[in-house]
Every structure is written in structure tokens, then in C-alpha cells.
Amino acid sequence: MSARSTRRLATRLIAIGGAAALVGSLAACSSGGSADTGGKVQITYQADNSPATAATAKPLIAAFEKANPDITVKFDTRPQGTDGDNLVKTQLSTGEMADVFNYNSGSLMQALNPDNTLVDLSDQSWAKDVDPQFTKVVSTDEGMYGAPFGTSFGGGVMYNKKVYEKLGLSVPTTWDEFISNSEKIKDAGDVAPIIQTYGDTWTSQLFVLGDFANISAQQSNWASRYTANKESYAKQPALAGFQHLADAQEKGLYNEDYASATQANGLKMLAEGTGAQYPMLTNAIATIQQDNPDAVDDIGAFALPAQDAADTRLTIWEPNGLYIPKTSTGDKLAAAKKFIAFANSSEGCGVQNDTGTPGGPYVISTCTLPDSVPPMIGDLQKYLDDGKASPALEFLSPIKGPNLEKICVQVGSGISSAAVGAKQYDQDVVQQAQQLGIKGW
């Protein structure tokens with residue numbers, strides 16, 4: 001893709017904008033202690049435990065320490081998914097959170113009670129360079145609490161183009177076409193049609209969360225009505241995501257080890273062509289770039305298809321944020337702010353480009369995509385050019401229940417029906433909505 005196309009992609013994706021991020025959740029494991037080391041200020045940076053995260057975090061820390069010889073940074077990790085979310089909340093409540101931590105933007109960030117737990121960063125020099133749509137997803141009426149880290153990305157189906165070419169398949173635009181493709185792949189006998197990886201429970205959510213742009217296409221005000229408790233997942237159009245999750249399981253289209261496979265296993269299958277299609281966030285291309293670099297050009301992406309082609313849209317997520325807890329004070333607070341500023345400087349963005357593969361554009365003007373990006377980014381570009389992309393629900397509503405991934409595992413494993421799972425999720429969000437004080441709940 002040309003540099004001009006890349007810039008156009010960034011402009012279009014950023015313009016879609018507004019609220020939070022999903023599901024790949026993030027990391028943690030220790031606190032930023034209070035002692036200086038050898039005359040240096042020591043802070044802790046916490047992020048998720050995925051290999052791709054470490055591949056960027058360690059060089060970023062090294063570059064920052066070189067530019068700031070009076071500061072040392074310790075890197076700690078935490079689990080992904082619900083366990084990681086719970087650990088973040090626990091560490092914030094006990095005053096043990098790292099001095100800088102990488103976490104979701106949007107609804108999950110709002111659940112951290114940011115006005116009471118996080119440092120307002122709105123006065124930082126880099127804040128003016130952030131896209132307003134990202135600012136919305138890390139802010140309350142009282143402050144802006146997060147800086148962007150990484151790129152925005154899509155949520156759809158990553159697929160192996162060689163498998164599609166071998167079997168003469170075309171990118172599906174309807175759910176029936178997607179199932180037809182999957183059954184043809186199954187009949188071929190040696191490739192898993194649809195990859196699922198419930199060993200990492202958060203990955204189970206994509207059939208539901210990635211379908212949200214299709215919901216918006218059918219009912220543009222669904223998110224606002226949902227926030228007001230006037231819509232639910234127990235009825236259409238939102239029920240479709242749960243139905244699709246169950247439908248593919250009932251037809252035997254998942255890999256045999258779906259119950260125990262991890263995201264790393266799933267991406268390996270996709271890269272090697274032993275799995276054909278993986279409902280996933282497109283930023284996962286970074287892991288393929290690291291572990292199977294020769295396969296990057298073989299990976300494409302398409303939107304989770306709706307029942308009707310006219311409703312098929314690509315769902316877009318904003319990147320994670322970098323945050324500072326209010327327990328970081330004095331020299332540690334100053335050092336933490338320097339670290340965040342460095343991560344969003346041209347040098348820091350250069351480290352991100354050198355150590356990862358973009359899943360979409362940056363949302364701060366100091367960061368630009370490299371001239372060479374995966375062909376998959378071009379697939380995202382087409383949805384944007386055609387006006388067929390819109391934000392994930394987390395961009396439009398603060399409501400997201402904590403147990404969606406577990407409910408999706410049950411539906412995707414055939415333990416619960418789609419209707420039961422949808423009803424359970426409707427019940428799951430009630431407490432959070434009440435805690436947030438949202439009217440109508």
C-alpha cells in the first residue's frame with residue numbers, strides 16, 4: 001500500500017471514532033515502589049503478558065532509559081481477560097498499582113472510577129495532538145486520564161488467503177456465505193474452518209462484539225437505546241451474534257481443540273494454514289509478524305457478515321491507554337509522565353513501528369504508520385472507503401458486563417443456547433449500569 005493510502009486509512013479510521021476497547025484485556029503484577037536506586041528514580045510499567053506486548057515494551061523502556069538516564073523502569077505483566085481486569089481493580093483499590101499501566105479505554109476504563117483513582121493528564125503537552133475521538137474514551141467530565149498506545153484496529157475475521165485461493169472461495173458478505181465457505185473448508189478435510197481459542201476466554205467474544213457494526217447498520221440508535229435500557233441482547237438485531245456463535249458450534253465448524261487452544265495457538269494455525277478463519281481483533285497481526293513473519297502477506301481480513309449483505313459492516317476499536325494511578329506522587333509521578341510523553345513522541349512511535357505490526361492507524365499526530373504495512377490493512381481500507389465501518393459498542397455506550405467472555409464460552413461450547421446466553425448477558429450488565437448511575441436501570 002502506498003504512503004498516501006496509508007495516510008488516508010488513518011484519517012478515515014480515526015474519523016469514525018468514539019469509545020472504548022475490548023477485549024484483548026491487559027496486564028499487571030507489582031507496584032511502583034518508593035525507593036530510588038543509585039540516585040535514579042525507579043518506576044514500574046505494567047502491561048499484558050502477551051509476547052507481542054513484551055516485544056514492544058522492552059525496547060521502548062530501553063530507549064526511554066537511554067534518553068532519561070536518571071530514570072529506571074521495571075516491566076511487570078498481568079494476565080489477560082477477566083483475571084487481569086480484576087487484578088487492576090484490586091491493585092488500584094489497595095494502592096499497589098504500577099506507576100504507569102497499559103489498559104483498555106472506554107467502558108472498562110470507566111469502571112476503574114478514574115476520577116478517584118487516576119491522574120488527570122489533560123495538561124500534558126501531547127494531549128493537544130490526540131484525536132478527539134480517543135480523548136472521549138479516556139475522559140470524564142472531570143479529566144482526561146489516558147494517553148494512546150498502539151493503533152486503532154478492526155474486529156472481524158482474519159483469514160488465510162492461500163486456503164481461500166486453493167478452494168476457490170470468495171470473501172463472504174452474508175452469514176449464509178460465511179457458513180457455506182466454512183462447510184467447504186470442512187469438506188476438504190485437513191483445515192479447521194473456524195478457529196476458536198477458549199483457552200484464552202476473552203477471545204470468545206468476537207462473534208458478539210465484532211457484530212456490533214451490523215447492529216448499528218440495522219438500527220442506528222441501538223447503542224443509545226441500549227444505554228437507556230430500552231434494547232437488549234435477548235432480541236434482534238443483537239441476538240444474532242450469540243446465534244452465530246452457537247450456529248457454527250452446532251455445525252461442527254470449530255477446531256477440535258477449541259476448548260483449550262490459546263490465542264497464540266489460533267494465530268499459529270491461521271499463519272500455517274491449518275486453520276482458515278479466525279474471528280479476532282486485527283491488531284493480532286502483530287503476533288503473526290513476530291512468530292510467523294513469512295505468513296503476514298497471506299493473511300487477510302473481512303467483516304463478520306450480517307444476515308443481509310447490505311447490513312455487513314466492519315467494527316472498529318480504539319487503542320488502549322496509558323494511565324497513572326494517584327498513588328504515584330513526587331518524583332515518581334514526574335517520571336511516569338515523562339514515560340508516557342516519550343511513548344507518544346516520534347521516537348517512541350518509531351519503537352512501536354519497529355517492534356510491532358500496525359492493526360490500523362495511530363490516534364495521535366506525532367505517530368505515523370510506516371510506509372510498509374501488512375496487506376490486511378488494505379482490506380480494512382476498502383470498508384472505510386465504502387463507508388461500511390462503524391465503532392464498537394464500547395465507543396458508544398459505557399455498559400459492558402464483566403462476564404461476557406464466560407457466557408460466550410458456554411454458548412460456543414454448546415453448554416448454553418444462544419437465547420440463554422443473551423439473557424444471561426442482559427442480566428450481567430445490570431449491576432454495572434447501576435454502579436455507573438445510568439438512568440433507566
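Let me start at serine 139. A polar atom of the side chain of serine 139 sits 2.6 Å from the backbone oxygen of threonine 135. Before I go on, note that this is a predicted model, and the distances I quote are computed from it.

Serine 139 belongs to strand β4, which covers residues 139-140. Is serine 139 buried or exposed? Its relative accessible area is 15%, so serine 139 counts as buried, the cut-off for that class being under 20%. If we set aside the neighbours within four places in sequence, the residues in contact with serine 139 are Met109, Gln110 and Met144. There is also a C-alpha distance to give here: serine 139 and serine 122 are 17 residues apart along the chain, and their C-alpha atoms are separated by 9.1 Å.

Next, the salt bridges. How many does a search of the whole structure find? The search returns eight salt bridges. I will go through some of them.

Arginine 225 pairs with glutamate 231, and the closest N and O atoms of that salt bridge are 2.9 Å apart. On accessibility, arginine 225 is partly exposed, at 29%, while glutamate 231 is buried, at 8%.

Another salt bridge joins the side chains of lysine 382 and aspartate 386, with an N to O distance of 3.1 Å. Here lysine 382 is exposed at 54% relative accessibility, and aspartate 386 is partly exposed at 42%.

The cut-off is 4 Å. Lysine 251 has a relative accessible area of 34%, so lysine 251 is partly exposed.

Helix α11 spans 222-227 and helix α12 spans 239-250, and proline 237 lies in the loop between them. The peptide bond running from glutamine 236 to proline 237 is cis, and its omega is near 5°.

Asparagine 229 is also placed in the loop between α11 and α12. Asparagine 229 has a positive phi, near 65°, in a residue other than glycine. Its relative accessibility is 37%, so asparagine 229 counts as partly exposed.

A positive phi turns up at asparagine 113 as well, at about 55°, and asparagine 113 is not a glycine. Where does asparagine 113 lie? Its position is the loop between α4, residues 107-110, and α5, residues 114-117. Asparagine 113 is partly exposed, with 39% relative accessibility.

Last, a helix pair. Helix α18 runs over residues 404-412 and helix α19 over residues 418-435; they pack at an angle of about 170°, and their axes are 9 Å apart. That angle makes α18 roughly antiparallel to α19, since angles over 145 degrees fall in that class.

Which residues meet across this pair? From α18 there are Leu404, Ile407, Gln410 and Val411, and from α19 there are Ala418, Gly421, Gln424, Tyr425 and Asp428. Sorted by class, the contact of α18 with α19 has five nonpolar residues, three polar residues and one charged residue.

That is the end of my part.

Conventions
Residues are numbered from 1 along each chain as its sequence is written. This is a predicted model: local features need pLDDT of at least 70, side-chain atom pairs count only at pLDDT 80 or more; totals for chains, interfaces and linings use all residues. Side-chain values use heavy atoms; hydrogens and water are left out. Axes are lines fitted to C-alpha atoms, for helices over the stretch in contact, and angles run from 0 to 180 degrees between N-to-C directions. Helices (H or I, at least four residues) and strands (E, at least two) are DSSP runs, numbered from the N terminus. Angles under 35 degrees count as roughly parallel, over 145 as roughly antiparallel, 65 to 115 as roughly perpendicular and the rest as oblique. Contact means heavy atoms within 4.5 Å. Ala, Val, Leu, Ile, Met, Phe, Trp, Tyr, Cys and Pro count as nonpolar, Asp, Glu, Lys and Arg as charged, and the others, Gly among them, as polar. Buried means under 20% relative accessible area, exposed over 50%, partly exposed in between (1.4 Å probe, protein chains only). A polar contact is a pair of N or O atoms within 3.5 Å; within protein, one must be able to donate a hydrogen and the other to accept it, and residues adjacent in sequence count only if both atoms are side-chain atoms.
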